[in-house]
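Please consult the sequence and structure shown here.

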Amino acid sequence: MGETFLEQLQADSRFLKADRRLDTEVVDRLILQLNRIYPQVLTDNEAKKFRDLDVPTCIRLAELLTHLQVKGEEACREFYRALHLHVEEVYFGLPTRLRRRESIDLVISPASTPRQRFVLNDRGPLFFLSCFSVAVGVALLYYCGESKGAGGTSRALGLAALGLGRRVREVLIWYTEDPIPK
């Protein structure tokens, strides 16, 4: 966590060179930021060299990163500032930023991992279905126990018909409307 900006840039260089979000326009904005706001980091002649559109963007970016590493710690820090300002999603996706965020998360809550925070139980779906079935069975018994005689079963069948197909529902409703003579 105590890495210098130079070490971070060395570690992030491969990621930055491969990232497609750093297109020509973004690289030009980074170069202009470093040249205009921090002229001690990138002089006018150096900026012209890195803004040459005849050279492919990936090569210009690689040369810029190498140049900043040669310039030292201050240049690397200013590059990270410009990257954060212009391309925030790339900045927060850098490997060194992700490592830092993970290490901070581990310091804050070492016992809880993201997976454990959202798991209510680890017994699985069959346990849930069996508990739900027991609860439905108890509710039906309670519902049937309220009424006396055969009327309770017909009300239970009427309730059961709510979630079934059309033909089964018709048969159950027919059964509940027309009690079987005894």
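Where is the place of D19? D19 sits in the loop between α1 (5–18) and α2 (24–36). The model is predicted, and it holds 9 salt bridges. Side chains of opposite charge can pair when their charged atoms come close.

- D19 counts as buried because its relative accessibility, 12%, falls under 20%.
- The side chain of D19 reaches the backbone nitrogen of R21 at 3.0 Å.

- A salt bridge joins R60 and D28, with their closest N and O atoms 3.0 Å apart. This pair links helix α4 (residues 57–71) to helix α2 across 32 residues. Both R60 and D28 are buried.
- K71 and E46 also meet through their side chains in a salt bridge, at 3.8 Å from N to O. Here K71 belongs to helix α4 and E46 to helix α3 (residues 44–50), 25 residues apart. K71 is partly exposed, at 36% relative accessibility.
- R99 and E3 form a salt bridge through their side chains, at 3.9 Å from N to O. R99 lies in helix α7 (residues 95–108), whereas E3 lies in the segment before α1, 96 residues apart. R99 has a relative accessible area of 42% and is therefore partly exposed; E3, at 30% relative accessibility, is likewise partly exposed.

**A salt-bridge network**

- Salt bridges link E74, R77, E78 and R81 in a network.

How values were computed. Residues numbered from 1 in each chain as written. Predicted model: local features only at pLDDT ≥ 70, side-chain atom pairs only at ≥ 80, totals over all residues. Heavy atoms only, no water. Helix = DSSP H or I, 4+ residues; strand = E, 2+ residues; numbered from the N terminus. Buried < 20%, exposed > 50% of the residue type's maximum accessible area, 1.4 Å probe, protein only. Polar contact = N/O pair within 3.5 Å; in protein donor to acceptor, adjacent residues only side chain to side chain. Salt bridge = Lys/Arg side-chain N within 4 Å of Asp/Glu carboxyl O.
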